[in-house]
Amino acid sequence: MDAATLVDRIRAHDFFADQIAHVEVIPARPAQYADLDGGLHPAVEAALTAHGIDRLYTHQAEAIEHVRAGENVVIVTGTASGKTLCYNVPVVESVLEDSRATALYIYPTKALAQDQLRSLGMLETDEMSGWFMAGTYDGDTPGSLRRRLRDAGSVILTNPDMLHQGILPNHARWNRLFTHLKYVVIDEVHAYRGVFGSHLANVMRRLRRICAHYGASPQFVCCSATIGNPREHAERITGVPMVAVDRDGSPRGPRRFVLWNPPPLTTAARGSGENWRIGGDRRSALGQAIDLMTALVQEGVQTIAFVRTRLASELLFKGVRDRLRPVSRKLAESVHAYRGGYLPEERRAIERRLVERDILGVASTNALELGIDIGSLDACILVGYPGTVASTWQQAGRAGRGEEESLVFLVGQNTPMDQYLMAHHDYLFGQTPEEAVVDPDNPHITIGHLRCATHELPLADEEVPGFGEYAEVVLELLEEEGAVRHIDGRWYWASSEYPAAGVNLRNISGTVYTIQDDREGERVIGTLDEVSALSQLHDHAVYIHGAETYFVEELDIDQKIARVDRRDLDYYTQSVQTSQIRIDEVEDEGAWLGGAVGFGDVTVTTNIPMFKKIKFATRDSLGFEQLELPPQELETVAMWFAPPEELAAEMARQGMIVGEALIGIANVFVEVAPLFVMCDIQDIGTVVDSSCLGRDALFVHDRYPGGMGYAHRCLGRIEEIVPTIARVIAECGCEDGCPSCVGSALPPFAMTDLDSAVRGRIPDKRAAGYLLGRLLG
């Protein structure tokens, strides 16, 4: 594929209107090979040769040698670099040397475990036939196969949820696996961050305890995409020292990376069905992606488009198919969507058709970002910045696997973060990937795992510090509840409950609301944590699930049930929230740029007095409706900044309000913080408040009980974040503020079942710019 010629052809299309902000040409990289000390086991070497693999890349040889030396290893290389062989080779060699040896492979999704089982199969040799057994152990595994895997499995492929709820609490049945466990493999370890990663770290604490109980001390092998702190992150997840292997020896073809910025809406768009407004509003990124994918598929270019939500994948798929149907029914049928919610057999069929090039275009959520084998694609479209540099390169790596040329489009959303990247391409192509954040010691997370640990095995006093600095206090609280008892230096489970069932690894809130469709016999269609439920499932909200719109008839707070009715609606809803903040304890404070900065424990009280109805196609407001919901208190951590008092007085004399300026800065802060801290914009919140410090201050807080470490990281990078906010505001072409700068941008997930709370009206851009200009000189 000649990517340069293809870009020139796209320029000739009717939809082209100078959207190309930048084209980065990334040169090819040749393969680098290395020989393995001592060579490979003859049977493994024969199996690899049969699949066309005669030599190992440098990172594969280095990783295998570290594993053979008994070290714990994290492999940090790009997409399709052959990381799987780094652990499959030593595992299979160990099994060939000792038929009793076992290994546990952990993947973030069931689909990835199934895919990797096929990769493991290529190394099975004649010597292993009859006694070697590998299989996936998850919710889809039949009962008969579960028993066989427990009794005779050499390699068990599972996911964190099944390990947490199904294997560890029933470890006595798995005593053969744990007694002979030599390796624990955690694939895609970079995906375990925030709440999910903190939970997995505690699951690993429990796993290591059980292994020790059976006399085993397995090695850990982790695989990761490129992040800023791979070794530290893998050590936080596993709890053991790690060696990093990060010199990627795999080849990469040339890549042409296009930054595509949708054009501003003008008077010409007034009759186009899109909302027209003077200022910084731009055409829909999803609409631009439909144009691009349609053009690429017509050229015969196999293309994957990544979107943030399930609904967006369906809308993109439908839009492209509708455009192609008048041209060619065959081409129209060669486009599909791929997302969670499809049946496993449907997903497998799509994956197979991609490999066979029967599908030319696929619209996917990040379900295909992970290492599922879908063959070699030609082009990739990222609809909006994926949120991290690591995810950007992981998704872009889906195109041009191997040494073929590839083409990647990043289509900018109308948000400060995306617009900053469109204007500062050097950031994306020169930035070191972000550092993953986990907090395994968060007491709101460890409490559930201490319940599970004492249920699995009595917990000795000397083991308690292994669950973090708050573990002893948490156990004392559990003893007061009657859940555990302390007898002769050990903590024992004292309840009849099955504690693992009450711990959701993807959630920090204990209370979960059930979403129930009463018209279809009280069918449960989903669940949400309490904080999200109050903002998304309040009375008369519109909840979107599986591309269907549901009207919330009633939110029963006592029963924790949202009763919904499926209806065809042309609008969605956004809750309007107001928050107050209280500093409970100051951990750190100082001066910065003449103002005050600090960090500490806070309580955020949130009220939802009303919600807004917004039309899908035009984003027009259809009005507000009042709500009566109880206030929600969140005990978390926050950083804060209060500008110098003399600067506030100076602004007041010029008719500007500091609080108004800080609201504008807060809106941009939430958007650009993920450029420096590995988080989503839903992970942090902002409050502008004057009651805590006696003057206006901007607070940035973690949106999880006890905190996850995001606000603390933001404070550590404040000298980079604030100048970036200033550039975003100064370089935006609008006069009075817009969604691309100080305004509250419509988030890319506003039409989904994720948080869509409105951050407020467009504040004073001039005041925000003036405040930042004076602070930064």
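**Notebook: strands and helices, one by one**

I began at strand β29 (residues 684-689), which is joined to β30 by 6 bridges, the two running antiparallel. Strands are DSSP runs (E, at least two residues) and helices are DSSP runs (H or I, at least four residues), numbered from the N terminus. Two strands count as paired if DSSP finds at least two bridges between them.

I noted the ground rules next. This is a predicted model, where local features need pLDDT of at least 70 and side-chain atom pairs count only at pLDDT 80 or more, while totals for chains, interfaces and linings use all residues. Residues are numbered from 1 along each chain as its sequence is written, and side-chain values use heavy atoms, with hydrogens and water left out.

**Entry: β30**

I looked up the partners of single residues. G685 stands opposite H701 in β30. Strand β28 (residues 632-642) also runs antiparallel to β30, with 4 bridges. There, M639 has V700 as its bridge partner.

Is β30 buried or exposed? I found 6 of the 6 residues of β30 (697-702) buried; buried means under 20% relative accessible area, exposed over 50%, partly exposed in between (1.4 Å probe, protein chains only). A697, F699 and H701 point one way, and L698, V700 and D702 point the other way. In a regular strand, side chains alternate between the two faces of the sheet.

**Entry: the open sheet**

I traced an open sheet of 5 strands, in the order β21-β20-β24-β23-β22, with mixed pairing. β21 (523-529) and β22 (542-545) are at the edges with a single partner strand each, so one side of each has no neighbour in the sheet. β20 (residues 512-517) pairs with β21 in the antiparallel sense over 6 bridges. In this pair, T514 stands opposite T527 of β21.

**Entry: H449**

I then turned to helix α18, where H449 has its place. H449 is buried, with a relative accessible area of 0%. Its side chain makes a polar contact of 3.0 Å with that of R206. A polar contact is a pair of N or O atoms within 3.5 Å; within protein, one must be able to donate a hydrogen and the other to accept it, and residues adjacent in sequence count only if both atoms are side-chain atoms. Which residues touch H449, leaving aside neighbours within four places in sequence? I listed H164, H199, N202, V203, R206, F467, V503 and L505. Contact means heavy atoms within 4.5 Å.
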